[in-house]
Amino acid sequence: MANQAMPFSRSEMLPPEPPPGSAVGVVGWLRANLFSSIGNSILTILALALIWLVLSHVWPWLAHAVWNADSYAQCRQIIADTWGPDAGGACLAVIRERWKQFMFGFYPIEAYWRPTLAFILMFVALAPILFSALPRKMLWFSLIFPGLAYWLLWGGSIFVPIVIYAGFAAGWLGFHLGARASAAFVAPLLAAVFALVWWFFIASPLINLLPDIGLMPVQSKQFGGFMLSVTIGVTGIAFSLPLGVLLALGRRSDLVFVKAICVGFIEFIRGVPLIALLLVASFLLNIFMPPGTNFDIILRVIIMVTLFSAAYMAEVIRGGLAALPRGQYEGADALGLNFWQATRLVIMPQALKISIPGIVNTFIGLFKDTTLVAIIGLLDPIGLITSIRANAAWNGMVWELYGFVAVLFFVCCFGMSKYSQYLERKLRTDHR
């Protein structure tokens, strides 16, 4: 009995022990992410060595930068006098001197407020589209902004964008009338007919009858710099998405004629380089136009860029449509929705959610491709670099100019990429 074990009952729980210092804080993060294995440790050391090698060359170059000089030779002389004859440094004086030209090209100086205002209003118009928490009433300004931006940038009569918008109203009326028909193709067909009749047969005579009230006109040849890239890129992005949606739906249509047109368009555009399309827009398109027709060069480029991007966008969205389970289509049919209602309320929101990475990737590619317009003589930032380097004062400069343009495009493209990640996290429904 003396050796019998006594029963034990714990009256209180012991507090948890703190985690070891090597598993939390900075040390824990380093062990988990950079030194979790021998292979990862070797890669981390090699990456740090590469970063140090790059910074050891780039940092002195930036630290010895010269911001005030009248020529490249004067920059080199200032660097040699200040840091020694063997020192290297960036001649950023060219950025300081040509800053306005990089931003606005050859736009009239007294009218700089117009593209600046258009750029600010662009963010106001995009805000309710990008962030659903904002009031939905702001979407009305988003619809008005394209016409307002056109009027601010090119000037001319205020009635031109108003009459153009009236064509969209005519198209909406045609779609509304056609939606009552049993066939799904009637609504878009009537919308296109109403809009085209207005624009080609009514708009021009009506504009001639209205008074010429507006801003000083600015020619497209005066556009340039980052303003030109933003104008082409944002316009192409805004119009290629809805056009890509229509092409994707048309490619999956049961109507043979509609499907054949969409497939032919997509495959032709995807099989031709964008440079070839831009050269066609620049040199060959006017041959097929009636004599005396003045088809604005930037408008031609925007059309070609939009069509090119829409073909790729259609394939991205078609992938999203194909990824949807068949039950989603059957569920929409069970609710008694017609084709357009099911597409708008059930199918397309899910397909676009699935396609977000591909859509944003296409947007980024489109924005970077705007630099190709330098080939047809438009002075985007790349075209301006060629023009600046042709000046004897700045002849021989390379890294400063191309590096500055690269930073501008990186900021814009990185911003689009981060918004894509934000949107994916917001729309995630798997609760992981």
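This is a predicted model: local features need pLDDT of at least 70, side-chain atom pairs count only at pLDDT 80 or more; totals for chains, interfaces and linings use all residues.
Which residues form a nonpolar patch on the surface, and how much accessible area do they have together?

**View 1. A nonpolar patch on the surface.** Leu 189, Val 193, Leu 196, Val 197, Phe 200, Phe 201, Ile 202 and Leu 206 make up this patch, and together they have about 740 Å² of accessible area. Have a look at Phe 201, which sits in helix α9 (residues 186–209). Phe 201 counts as exposed because its relative accessibility is 62%, and the cut-off for that class is over 50%.

**View 2. The three domains.** The protein is divided into domain 1 (108–153), domain 2 (156–215) and domain 3 (221–426). Between the centres of domain 2 and domain 3, taken over C-alpha atoms, there are 24 Å.

**View 3. The largest nonpolar core.** This core has 90 residues, and those touching the most other members are Phe 102, Tyr 107, Phe 223, Val 301, Ile 317, Leu 321 and Leu 401. Helix α13 (residues 297–323) contributes the most, with 13 residues. Because domain 1 (108–153) and domain 3 (221–426) both give residues to the core, it lies between them.

**View 4. The surroundings of Tyr 107.** Leaving aside residues up to four places away in sequence, Tyr 107 touches Tyr 112, Arg 114, Pro 115, Leu 152, Leu 153, Val 218, Gln 222, Phe 223 and Met 227.

**View 5. Helix α17 and its cover.** Within helix α17 (residues 381–389), the residues Pro 381, Gly 383, Leu 384, Ile 385 and Ile 388 are buried. Their cover includes α4 (93–97), α5 (99–104), α10 (225–251) and α18 (399–427).

**View 6. A salt-bridge network around Arg 270.** Salt bridges link Arg 251, Glu 267, Arg 270, Glu 315 and Arg 318 in a network. Arg 270 pairs with Glu 267, with the closest N and O atoms 3.8 Å apart. These two are separated by about one helical turn because they are three residues apart in helix α11 (residues 256–270). Arg 270 also meets Glu 315 in a salt bridge (3.7 Å, N to O). Since Arg 270 lies in helix α11 and Glu 315 in helix α13, this pair ties together parts that are 45 residues apart in sequence. Glu 315 counts as buried at 18% relative accessibility, while Arg 270 is partly exposed at 35%.

**View 7. The salt bridge of Arg 98 and Glu 97.** Here the side chains of Arg 98 and Glu 97 meet at 3.6 Å, N to O. Arg 98 counts as buried, with 14% relative accessibility, whereas Glu 97 is partly exposed at 44%.

Definitions and conventions: Residues are numbered from 1 along each chain as its sequence is written. Side-chain values use heavy atoms; hydrogens and water are left out. Patches are made of residues with over 30% relative accessible area and no salt bridge: like charges are joined within 9 Å, nonpolar side chains (Val, Leu, Ile, Met, Phe, Trp, Tyr) within 5 Å. Accessible areas come from the Shrake-Rupley method with a 1.4 Å probe; for residues, only the protein chains shown count as cover. A salt bridge is a side-chain nitrogen of Lys or Arg within 4 Å of a carboxyl oxygen of Asp or Glu. Helices (H or I, at least four residues) and strands (E, at least two) are DSSP runs, numbered from the N terminus. Buried means under 20% relative accessible area, exposed over 50%, partly exposed in between (1.4 Å probe, protein chains only). A nonpolar core is a set of buried Ala, Val, Leu, Ile, Met, Phe, Trp, Tyr and Cys residues joined through side-chain atoms within 4.5 Å. Domain bounds come from an automatic or database domain assignment. Contact means heavy atoms within 4.5 Å.
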